[in-house]
Amino acid sequence: MKNKEMEIVNKMNKVIRFLGPYGGIIEIEEDWKFSFKVNNLGNGEMEIEMFSFNDDGDKVVLDPFFRIEVKFDENRENVVYARPTEYLSQWLNGEMRIDKNDNICDSKGNAEHNDGELVDRLCSYLDTITKICPYLTNPKSMERFSEDVDCTFWDNEPVTRKMKKEAIARMKLLGIDSDVMERFAHGKLTKIFVDHEERTIREEELTAEEMEIINNTITGSDIPFLAYYVICDTITWSDGETNTRYILPYVMEEKYDLEDEVEYAEGEVWGNIRKQMIESKMISCYVMNKDIPEYSEFGELPYRLLRGMLFVVD
C-alpha cells in the first residue's frame with residue numbers, strides 16, 4: 001500500500017507542476033474536461049476534488065470523481081501526503097460510490113466491500129491523466145486557478161464537518177436538488193411543504209419562528225444529531241384532529257451496526273446505512289410534532305422524490 005500511496009503523490013505532483021498549486025481545468029475533447037481544485041477547509045486542512053466531467057449544457061456528468069485529503073510542503077509547491085476519501089461514477093439514471101473504507105454502493109442498492117478498491121481506482125485514473133491521454137501534453141484548452149476554494153464554511157469542528165459531508169453524500173444518493181445541497185453546505189436548511197389532501201409539494205421559505213423551533217429541538221435532543229432537510233406536513237388523526245409535523249432527515253455519530261451487532265469506529269456504519277436507505281426506501285428522521293411535542297420521536301419513514309424534492313409518504 002505504501003508504494004501506491006507514493007505513486008498517487010508523485011502523479012498528483014505532475015498535475016500540479018503543469019497546472020500550478022491551485023489547480024485548474026483542462027479540456028482535450030469537445031464537452032469533456034478534467035478539473036483539479038483545492039478546497040481550503042480551515043485549520044490547515046486541505047482536500048482536492050479531482051474529476052472528469054461532460055457538460056452538454058443540460059446535465060453535468062462526473063465520471064470519475066475523487067475527493068482526496070492532502071497535505072502540501074511548506075512552500076506549497078508539492079503534495080507530500082494524499083489519501084482518497086470518496087469516489088463517484090455517474091451515468092444516465094445511475095451512479096456508484098465508494099467511501100474511504102472501500103464500501104461500494106450504487107443507486108440501485110447493490111453493495112459490496114473490496115479492500116484497496118478506492119486506491120486502485122485513483123491510481124488507474126491518475127495514469128489516464130498523466131500518461132494515457134494528452135491532458136498534460138496537448139490540451140485543447142486550459143484554465144489555471146489563482147486561489148484555493150474557500151470551504152471554511154464547512155465548520156472547523158471535525159465531527160460536525162464529517163457529519164455534514166455524510167449528509168451531502170446521502171442527499172446526492174437520494175437525488176435531492178443540487179441547490180438544496182449547496183445551501184446546506186453553507187449552513188441553511190431547505191423546507192419542503194407537502195399537502196397530502198391536495199397531493200401537492202412545494203419548496204417554502206423557513207420562517208424565523210420555524211428555524212428557532214427546529215434549532216431548539218436539535219440542541220435539546222438527548223441524542224445529538226444533524227438535520228439536513230425539513231419536510232413539513234399535516235397529519236389527521238382518527239378523531240379528526242390535525243397536527244403539524246416537521247420531519248428532519250438526519251445524520252448522527254453511529255458506531256453500532258444492528259445488522260451484525262458489532263461496534264465500529266466513527267463513520268464506518270454510514271456506508272451500510274446508505275445501502276439500507278436505498279434498498280428499503282426508508283430514511284432516518286426525527287419527527288417533530290409541533291402541536292403535541294411529546295409525540296415527537298426518532299424513526300424510519302418511507303420516502304419518495306419528486307422534481308428533486310424529498311418527501312415522506314407515511
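**Charged pairs and a hairpin**

Mentor: Arg67 is buried, with a relative accessible area of 11%; buried means under 20%, exposed over 50%, partly exposed in between (1.4 Å probe, protein chains only). This is a predicted model, where local features need pLDDT of at least 70, side-chain atom pairs count only at pLDDT 80 or more, and totals for chains, interfaces and linings use all residues. Residues are numbered from 1 along each chain as its sequence is written, and side-chain values use heavy atoms, with hydrogens and water left out.

Trainee: Which side chain meets Arg67 in a salt bridge?
Mentor: That of Glu47, at 2.8 Å, N to O. A salt bridge is a side-chain nitrogen of Lys or Arg within 4 Å of a carboxyl oxygen of Asp or Glu.

Trainee: Is Glu47 buried or exposed?
Mentor: Buried, with a relative accessible area of 4%.

Trainee: How many salt bridges does the count come to?
Mentor: 21. Another is Arg183 with Glu203, whose closest N and O atoms are 2.9 Å apart.

Trainee: Switching topic. How do β6 and β7 pair?
Mentor: Strand β6 (residues 94-99) and strand β7 (residues 103-106) are antiparallel, with 3 bridges. Strands are DSSP runs of E, at least two residues, numbered from the N terminus, and two strands pair if DSSP finds at least two bridges between them.

Trainee: What about the turn?
Mentor: The hairpin has 3 residues between its strands, and Asp102 in the turn has a positive phi of about 65 degrees.

Definitions and conventions. Helix = DSSP H or I, 4+ residues; strand = E, 2+ residues; numbered from the N terminus.
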